Amino acid sequence: MPVSDTFAARLNPLLGDLVATYGTPFHIYDAAGIVDTYRAMTDAFAGEPYRQYFAVKALPNPHVLALLLAEGSGLDCASPVELGLAGSLGAGPGDTVFTSNNTARHEFELAHKTGSLVTFDDLTALDRCDPLPDTVAFRVSPHGLSAGSRLMGDAQATKFGVPVGQLADAYREAKARGARRFGIHGMTCANELDVDRAARAATDVVELGARVAEDVGIQLDYVNVGGGLGIPYRPEDRPFDFRRYAEAILAARRAAFPRSAPRVLMECGRYVTGPHGVLVTTVINRCGKGREVVGVDASMSALMRPGFYGAYHHVTLPFAQGRAEAPYDVVGSLCENMDKFAIDRPLPDPREGDVLLVHDTGAHGHAMGFTYNGRLRPAELLLTGDGDIVEIRRAETYDDYVSTVPGTPASVLPATPHARQERPACTPDR
Ligand SMILES: *Cc1c(COP(=O)(O)O)cnc(C)c1O
């Protein structure tokens, strides 16, 4: 689906001037849309113990994270740098969850120090977390309905979580080591648009939590159903019905926990910001080589999903209305054939100089960017609630690209005098 109608209505009148004065490429995000989506989620759980922790990895721009924190959102972090970002924005104890995997000892120490709710991906991780936090949650492996997505793997192939059969023992061990409060975590889906499927997968985690708690003799403080809710990337996709999802989870919780009401936590990233961003580019090249090729001034390094996963992102040319449509490949400049934003996409006769929008880049867009081929990451702009457009991250420059390279290499391990004599000096080939 194209970006939300409200974003389009706010952005389109400004787009011509913006491109003329600022240039392209850049990602631009819609603050009002992000906040509205967050509020609608909170409304769906009104009166119930609930908190949404925004998955920082989806859009790790401090200005966007600050918007969400100000609304009462928590932050879901998976690395020390993400914890650092959260801390720098004033996130306090309880404002972050730390849901990582393959986690080093010092990362747990940091998570513990910052007062994160820590999700353990494996029983052995307890050994690397000393002291153990008061509250321990385990992530359950994809199972039942939540298994089988390409992003998470199935129960056999996944690297995530504790297998269902080992879960009770994991809680027993945590209890024996002094944990006093408990949660359960299940990442139940990935970019899921089918609300019934998502709700049943979340219900699985709620019910599993109740069974394990009963079995082990513990109370659950919270059930974290993770993120993974989908957004309508394609024009024919219907938006995810969040209200129905919330109602199903609450019903499942009431049924599974008749005497207590564990908090419902979520770690949505894509659902919150995905539709509220767009990558603005300019067509710089049109050619035919068996296929009709439209080259733009951004590459896969600014938005990896289409090339990497074959993910669909809608493409439009806002100033090319009325031209006849034909199929085109929209490509970037990387020396990689997968560097394509769209393949065989019907578009209105793109011409050099046209503005071309790649939609739904508000999550896992700039964040997954890289600098291969020296095609550096573009700027991020924000359309504020007041209607201003502000730069919240400038484009990278050559100086950024070389900023980690010292002029003179610093000695790391000097050669011993003996080794220096043994080895002939390096001389270029004749
Ligand atoms: C990636 C991830 C999320 C967020 O996923 P979205 O698809 O952006 O909602 C949340 N929790 C965990 C553990 C993740 O790995």
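What follows is a chat about the ligand site and the salt bridges of this predicted model.

Q: Which part of Gly228 lies 2.8 Å from a ligand oxygen, backbone or side chain?
A: For Gly228, the backbone: an N or O atom there is 2.8 Å from an oxygen atom of the ligand.

Q: How much of the ligand does the protein bury?
A: The protein buries 89% of the 390 Å² that the ligand exposes when taken alone.

Q: And where does Asp76 come in?
A: Asp76 faces a nitrogen atom of the ligand, with a side-chain N or O atom 3.4 Å away.

Q: Switching topic: how many salt bridges are there in the whole structure?
A: A search of the whole structure gives 22. One of them joins the side chains of Arg172 and Asp169, at 2.8 Å from N to O.

Q: Why are those two about one helical turn apart?
A: Because Arg172 and Asp169 are three residues apart in helix 6, which covers residues 167-176.

Q: What is the relative accessibility of each?
A: Arg172 has a relative accessible area of 34%, so it counts as partly exposed. Asp169 is partly exposed too, at 46%.

Q: What about Glu173, which side chain does it meet?
A: Glu173 meets Arg177 in a salt bridge, 2.8 Å from N to O. Glu173 is partly exposed at 31%, and Arg177 is partly exposed at 38%.

Q: Nice. What does Arg291 pair with?
A: Arg291 forms a salt bridge with Asp329, and their closest N and O atoms are 2.4 Å apart. Arg291 is in strand 11 (residues 291-296) and Asp329 is in strand 13 (residues 325-331), so the pair ties together parts that are 38 residues apart in sequence.

Q: Is Asp329 buried or exposed?
A: Asp329 is buried, with a relative accessible area of 3%.

Q: Last one: which residues do salt bridges with shared partners join into one network?
A: That network is made up of Arg286, Glu292, Asp349 and Arg351.

Methods: Residues numbered from 1 in each chain as written. Predicted model: local features only at pLDDT ≥ 70, side-chain atom pairs only at ≥ 80, totals over all residues. Heavy atoms only, no water. Polar contact = N/O pair within 3.5 Å; in protein donor to acceptor, adjacent residues only side chain to side chain. Areas by Shrake-Rupley, 256 points an atom, 1.4 Å probe, with all protein chains shown as cover. Salt bridge = Lys/Arg side-chain N within 4 Å of Asp/Glu carboxyl O. Helix = DSSP H or I, 4+ residues; strand = E, 2+ residues; numbered from the N terminus. Buried < 20%, exposed > 50% of the residue type's maximum accessible area, 1.4 Å probe, protein only.
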